[in-house]
Amino acid sequence: MASSAIWFETNHATTGSARSNKDLAASNERTKERKDDDVRRSSAVSLGARANQRPRQENLPVSSAASLLVRFGDSGDSSLLCPLPQLTPTSFTMARNALQKDQFVKLIVGAGQASPSPPVGPALGSKGVKSMDFCKEFNARTAHINVGVPIPARVTVRPDRSFFFDLRTPTTTYLLLNAANVEPRKNRLRGAMKPGHEICGKISLKHVYEIAKIKHSETRLSGLSLQGLCKSVMAQAKSIGIQVIP
């Protein structure tokens, strides 16, 4: 009886150790498979990143760029290799021009007083535009306006350095101060120093209506109603200390 008990314990211990060795071997095999899968995934990601990477024009000649091959997947099959299209300097130039956008410059210049001096010259010269061409066209288009009236201009500069500009009506503040006959301070028309507590001029509803009609002539404001523009003009008059008399 004692010998059978000893045999059972010995056999049980041997079987348990064999099972633990098998489990350890299976665990090691699964760990190795996971590592192999991770390596394959990382290699596939790196290949995809290289395929999507754009070659630089300055470091890669056209002849070598045309011979590049892009690999799809990580199977290693040579049938999955395809050549890139022929790259030429013209294609790079067209792509660069397509990415370029128009530039905008906002100026306020006196009617008939445009000159290459600041602020016109530096603002347009930095965009590659000849300021003299702008000045000639601006003065010709504002010849029918009283000299010195500040006219806002929005200049659009194309990627090829050609330009065109839109003229807008004088600012509402200038029209209100001019209608109220406010005297300039330091060679500039200025509103009240303390709006709401100080009145620097008075205008009538007729002036408000005429100013609203002038602003309504702009294309960007033509969709608004005259009533809404009149309310906006009256609010602007209050903000600069001008009283509207009914």
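## Legends to the close-up views

**View A. Surroundings of S131.** S131 touches P116, V120, G121 and L124, where residues up to four places away in sequence are not counted and contact means heavy atoms within 4.5 Å. The model is predicted: local features require pLDDT of at least 70, side-chain atom pairs are counted only at pLDDT 80 or more, and totals for chains, interfaces and linings use all residues. Residues are numbered from 1 along each chain as its sequence is written, and side-chain values use heavy atoms, with hydrogens and water left out. S131 belongs to helix α5, residues 131-141; helices (H or I, at least four residues) and strands (E, at least two) are DSSP runs numbered from the N terminus. With a relative accessibility of 15%, S131 counts as buried; buried means under 20% relative accessible area, exposed over 50% and partly exposed in between, for a 1.4 Å probe and protein chains only.

**View B. The cis peptide bond between P118 and P119.** The bond that joins these two residues has an omega of about 5°. P119 is located in the loop between β3 and α4.

**View C. The largest nonpolar core, with 34 residues.** A nonpolar core is a set of buried Ala, Val, Leu, Ile, Met, Phe, Trp, Tyr and Cys residues joined through side-chain atoms within 4.5 Å. In this core, the residues with the most contacts inside it are L107, L124, F134, F138, V155, L176 and I242. At least two core residues come from each of β3 (103-110), α4 (120-125), α5, β4 (150-157), α6, α7, α8 and β7. The core lies between domain 1 (103-167) and domain 2 (172-244), because both domains give residues to it; the domain bounds come from an automatic or database domain assignment. Among the core residues named above, I242 touches L176, L177, A180, C200, G201, K202, I203 and A237, with residues up to four places away in sequence left out.

**View D. Helix α7 and its buried residues.** Helix α7 comprises twelve residues, 205-216, and its end C-alpha atoms are 16 Å apart, in agreement with the 16 Å that it should span at 1.5 Å a residue. The expected span of a helix is 1.5 Å times one less than its number of residues. V208, I211, A212 and K215 are the buried residues of α7. These residues cover an arc of only 100° around the axis, which puts them on the same side of α7; the arc is that of the directions from the helix axis to the C-beta atoms. The packing partners of the buried residues of α7 are α6 (172-179), β6 (201-204), α8 (226-239) and β7 (242-245).

**View E. Polar contacts of T169.** T169 is placed in the loop between β5 (163-167) and α6. The residue is buried, its relative accessible area being 13%. Its side chain forms a polar contact of 3.1 Å with the side chain of K215, and a polar contact of 2.3 Å joins the side chains of T169 and E218. A polar contact is a pair of N or O atoms within 3.5 Å; within protein, one must be able to donate a hydrogen and the other to accept it, and residues adjacent in sequence count only if both atoms are side-chain atoms. Apart from residues up to four places away in sequence, T169 touches P152, I214, K215, S217 and E218.

View F. Helix α8 has 14 residues and reaches 20 Å from its first C-alpha to its last, close to the 20 Å expected at 1.5 Å a residue. Its buried residues are L229, C230, V233 and A237. Seen down the axis of α8, these buried residues fall within an arc of 105°, so they line one face of the helix. Q227, K231 and K238 are exposed residues carried by the face of α8 turned away from its buried side. The buried residues of α8 pack against α6, α7 and β7.

**View G. E198 and G241.** G241 follows α8 and has a positive phi, near 85°. E198 is partly exposed, with a relative accessible area of 34%. Besides its neighbours within four places in sequence, E198 is in contact with A192, M193 and G241.

**View H. Positive phi values at N181 and K186.** N181 is a residue other than glycine with a positive phi, near 55°; N181 lies in the loop between α6 and β6 and is exposed, with a relative accessible area of 65%. K186 is found in the loop between α6 and β6. Phi of K186, a residue other than glycine, is positive and near 55°, and K186 counts as exposed at 75% relative accessibility.
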